[in-house]
Amino acid sequence: MSVTSSDSATYSGALEGSNAKRGLWSSRLAFILAATGSAVGLGNIWKFPYITGENGGGAFVLMYLICIAVVGIPIMMAEVMIGRRGGRSPVSSLRLITERDGLRPVWKLMGAVGILAGFLILSFYSVIGGWAVSYVGTAASGQLTGQSADAIGAIFSGLLSDPMTLLLWHSVFMALVMVVVARGVSSGLERAVTILMPALFVLLLIVVGYAMTSGGFGRAAAFLFQPDFSKLTTSGVLVALGHAFFTLSLGMAVMIAYGSYLPKDISIAKTSITVSIIDTGVALLAGMAIFPIVFANGLEPGAGPGLIFQTLPLAFGQMPMGSFFGTLFFVLLIFAAWTSGISLLEPIVEWLEEQKGMNRTVSTIGAGLVCWALGIASILSLNLWSDFAPLSFVPTLEGKTIFDLLDFFTANILLPLGGLLVAIFAGWVMSRQAVKKELALSPGAFRLWHGTLRFVTPVAVAAVFVYNLM
Ligand code: TRP
């Protein structure tokens, strides 16, 4: 199954040749920025706090950190490595690497998982992105100033109960994503990430600073960092694992695509670890901004997907220059979601271009419209269909709306499945020599990574799956 050493010489020659013809990231920093742009998004600021709240805090946070370290980082390294090795789009790279080993079904399955996950995630991601767009206006118009928690909650429920408004903002968000993808991801994006990501980080620090004075900080810190394992359920473990994939943009070949542009002399391990640390840092910061407000105002940590929209506006309504900071915050949140949204649509468009021979504009409009239309189901499940829980006969899925199901199915099933295939592919299928050369790690570090990827990652993913099916 594996490539012999003489084969691998010609093989790698061909692969490196193909790489040279494409543009490469201008530097290690450029790759880190692009990958961070994809990774840091609604997953960190919207999803992480609310699933932490729903799953009881500390023990869940610890589980999530373990999943990032044991599953996330090794798989990110594997994806970047596969991408750089193949030097082409994910589908072509996988085909190139597998075809000569007669393993075509593997890349086909991986491609299918990736494309499906991209469509489904972007459909509801854009709806949440739309909430952020809507809140720019809410904050800028001063509606949040001095409001009580109840009034802030009412603003949010008002938004959710109004399908046409949700549709409008979902359409705006989707259009933003489509415009950039249709033009081809440009260097402008790279420059924008350099400025706006650090700005988002600083703004989160400001909110954390404010939250420290709110009187709930001690309880929030205890909630987030003192694990109480009695609160961690089996499904909580699955959610933590799924979120490690979601937040790092793994399991959908995004990092394979980005890795194909990474210059050969750059360390895959260092860059992957850097991106993961930034991503995790933003999530923890968001948690420390939000939970003090939750506890200081007697709100419910397990409030669900609306959590940040019911807490942060309260802080912006109370702090000095709140309308300004609030507006800026939601603008930056849109930006973070935008760069992530682009990385969800881009692989689909690239695939349509390559496999179906469609041009970029047509494929962007086609794929974008499909996501947009799918998003309508998520919008309706927030209001008209809020009682419609089609899979309630499955115990874990009881009471989940279409929106909840899309989130659950993509993050907790599809992405880990995609990641499992990546782990098997990089750990068992690809030639050890080729992998070793690409990663250029010290022998000890290589063995640690390879062993983790071959044994720990697949077993962890499989175990969590099996447990949850039972
Ligand atoms: N990581 C992004 C976030 O946390 C979401 C995302 C973008 C994503 N691209 C992805 C998730 C690819 C899975 C796969 O918001």
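Student: Before we start, what kind of model is it, and how are residues numbered?
Tutor: This is a predicted model in which local features need pLDDT of at least 70 and side-chain atom pairs count only at pLDDT 80 or more, while totals for chains, interfaces and linings use all residues. Residues are numbered from 1 along each chain as its sequence is written, and side-chain values use heavy atoms, with hydrogens and water left out.

Student: Which residues come nearest to the ligand?
Tutor: Gly43, Tyr125, Phe246, Ser249 and Ser343 do, out of 16 residues around the ligand. A residue is near if one of its heavy atoms lies within 4 Å of the molecule.

Student: Which polar atoms does the ligand's nitrogen or oxygen face?
Tutor: A polar side-chain atom of Ser249 is 3.0 Å from a ligand nitrogen. Polar backbone atoms also take part: one of Thr247 lies 3.2 Å from a nitrogen atom of the ligand, and one of Leu42 lies 3.1 Å from an oxygen atom of the ligand.

Student: How much of the ligand does the protein bury?
Tutor: The protein buries 100% of the 360 Å² that the ligand exposes when taken alone; these accessible areas come from the Shrake-Rupley method with a 1.4 Å probe.

Student: What is the make-up of the shell by class?
Tutor: The shell around the ligand has eight nonpolar, eight polar and no charged residues. In this scheme Ala, Val, Leu, Ile, Met, Phe, Trp, Tyr, Cys and Pro are nonpolar, Asp, Glu, Lys and Arg are charged, and the others, Gly among them, are polar.

Student: Turning to cavities, how many of 30 Å³ or more are there?
Tutor: The structure holds three. A cavity is a set of points, on a 1 Å grid over the protein atoms alone, where a 1.4 Å probe fits but cannot get out; its lining residues have an atom within 4 Å of a point. A volume is the space filled by probe spheres set on the points, which are joined across faces, edges and corners.

Technical notes:
Polar contact = N/O pair within 3.5 Å; in protein donor to acceptor, adjacent residues only side chain to side chain. 1 Å grid on protein atoms, 1.4 Å probe; cavity = no way out; pocket = protein on both sides within 12 Å on 5 of 7 lines; lining within 4 Å.
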